[in-house]
Amino acid sequence: MKAKKFEGKVVWITGASGGIGEALAVKLSSLGATLILSARRMSELERVKLRCNAERTYLFPLDLGEENSILTTSQAVIAQFPSIDYLFNNGGISQRSEAISTPISVDRRIFEVNFFGNIMLSKQVLPAMIRAGSGHIIVTSSLVGKWGFYLRSAYSASKHALHGYYESLRMEVEQQGISVTLVLPGFTATEISKNALDHTGSSTGAMDANQAGGLTPEFVAEKIIEGVLNKKFEISIGKKEALGLVVKRFFPSYFEKLLRKWSAR
Ligand SMILES: NC(=O)c1ccc[n+]([C@@H]2O[C@H](COP(=O)([O-])OP(=O)(O)OC[C@H]3O[C@@H](n4cnc5c(N)ncnc54)[C@H](OP(=O)(O)O)[C@@H]3O)[C@@H](O)[C@H]2O)c1
């Protein structure tokens, strides 16, 4: 890995209080990055900081579902770090409820966090990136950003929306030195299913077998960093589920049959 690439670089990671974001923070810290870590739970951010180089790690708690929180936090971050080299827009929330029983308020909540909060943060950092003539925005989507899946109607839709948005943004800013990478993890062994919202808007608290048997967040973080260094447009990471991208493209009807055999949890 071209480790030196991150020395002296300012890297902002959302969703850094656990899972993939935590693994990214630990790895990027070991590669010399100065870290800005964000999520809602300050106590968990403090824990992650202890796993990083504390002298180069700064905590800025943030709620991606609250416009004011995004504005005030990003203003504070930009005041301290006028130029951000990498924004890992990784924070997100999943869903485990059928579309028919999910009230629109829960659908909207998922979109606020996964889509509007995400793009709003990019809008805050982009002007400085454009002035600097460089910068890289990395967005954690999902394989279900490419296809729908049981119990994840709004989640899958919010991830699909990220693709449309960031593919358009990339075309608009690439000539100004800005890179945009979409990351599509498959099942990863994090707390995502426990934190997922059910039809009442509460966390399920349940670890799904798919997640329990998934890739480690450390492996996923390594693959993300490799792809980012190579300025990939898209990075897909998964076990057999990642093959779905190829199967869907070349054998779409067969893929639809296959997908229906996968366990929802
Ligand atoms: N694990 C998988 O199987 C999988 C697969 C595909 C894609 N992904 C994506 O990977 C990303 C990271 O998820 P993960 O697997 O690491 O799950 P996780 O362990 O649940 O981590 C989610 C992170 O997002 C943060 N977050 C959630 N809601 C937030 C809010 N309103 N404001 C700010 N931060 C918020 C959480 O922090 P706080 O709770 O402290 O706010 C936490 O740091 C997500 O975008 C997820 O959709 C995961």
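Tutor: Two strands are said to pair if DSSP finds at least two bridges between them. The model discussed here is predicted.

Student: In which sense do strand 4 and strand 5 pair, and over how many bridges?

Tutor: Within this pairing, Leu87 has Ile137 of strand 5 as its bridge partner. The chain passes from strand 4 to strand 5 through helix 4 (residues 104–132), and this β-α-β crossover is right-handed. The sense of the pairing is parallel, and the number of bridges is four.

Student: Which residues of strand 5 are buried on each of its two faces?

Tutor: In a regular strand, side chains alternate between the two faces of the sheet. Strand 5 (residues 135–140) is mostly covered, with six of its six residues buried. One side carries Gly135, Ile137 and Val139, and the other carries His136, Ile138 and Thr140.

Student: What distance separates the end C-alpha atoms of helix 1, and what span should its residues give?

Tutor: Helix 1 comprises 12 residues (19–30), and at 1.5 Å a residue the helix should span 16 Å. The expected span counts one less than the number of residues.

Student: Which elements do the buried residues of helix 1 pack against?

Tutor: The buried residues of helix 1 include Ile20, Ala23, Leu24 and Leu28. After the helix comes Gly32, with a positive phi near 100°. The packing partners of the buried residues are strand 1 (10–14), strand 2 (34–38), helix 2 (42–50), strand 4 (86–89), strand 6 (178–185) and helix 8.

Student: Is Pro217 buried or exposed?

Tutor: Pro217 is found in helix 8 (residues 217–229). Setting aside residues up to four places away in sequence, Pro217 touches Gly19, Ile20, Ala23, Thr188, Ala189 and Thr190. The cut-off for burial is under 20% relative accessible area. Because its relative accessibility is 10%, Pro217 counts as buried.

Student: Which parts of the chain does the pair of Asp63 and Arg109 tie together?

Tutor: Asp63 and Arg109 form a salt bridge, with the closest N and O atoms 4.0 Å apart. Asp63 is buried at 19% relative accessible area, whereas Arg109 is partly exposed at 29%. The pair ties together parts 46 residues apart in sequence, because Asp63 lies in the loop between strand 3 (57–59) and helix 3 (67–80) and Arg109 lies in helix 4.

Student: How far apart are the closest N and O atoms of Lys146 and Glu234?

Tutor: Lys146 lies in the loop between strand 5 and helix 5, and Glu234 lies in strand 7 (residues 234–237), 88 residues apart. Lys146 is partly exposed, with a relative accessible area of 27%, and Glu234 is partly exposed at 32%. The two residues form a salt bridge in which the closest N and O atoms are separated by 3.1 Å.

Student: Which residues are linked in a network of salt bridges?

Tutor: Side chains of opposite charge can pair when their charged atoms come close. The count for the model comes to 10 salt bridges. The residues linked in a network are Glu22, Glu44, Arg47 and Arg51.

Technical notes:
Residues are numbered from 1 along each chain as its sequence is written. This is a predicted model: local features need pLDDT of at least 70, side-chain atom pairs count only at pLDDT 80 or more; totals for chains, interfaces and linings use all residues. Side-chain values use heavy atoms; hydrogens and water are left out. Buried means under 20% relative accessible area, exposed over 50%, partly exposed in between (1.4 Å probe, protein chains only). Contact means heavy atoms within 4.5 Å. A crossover is right-handed if, with the strands pointing away from the viewer, the path from the first strand over the helix to the second runs clockwise. A salt bridge is a side-chain nitrogen of Lys or Arg within 4 Å of a carboxyl oxygen of Asp or Glu.
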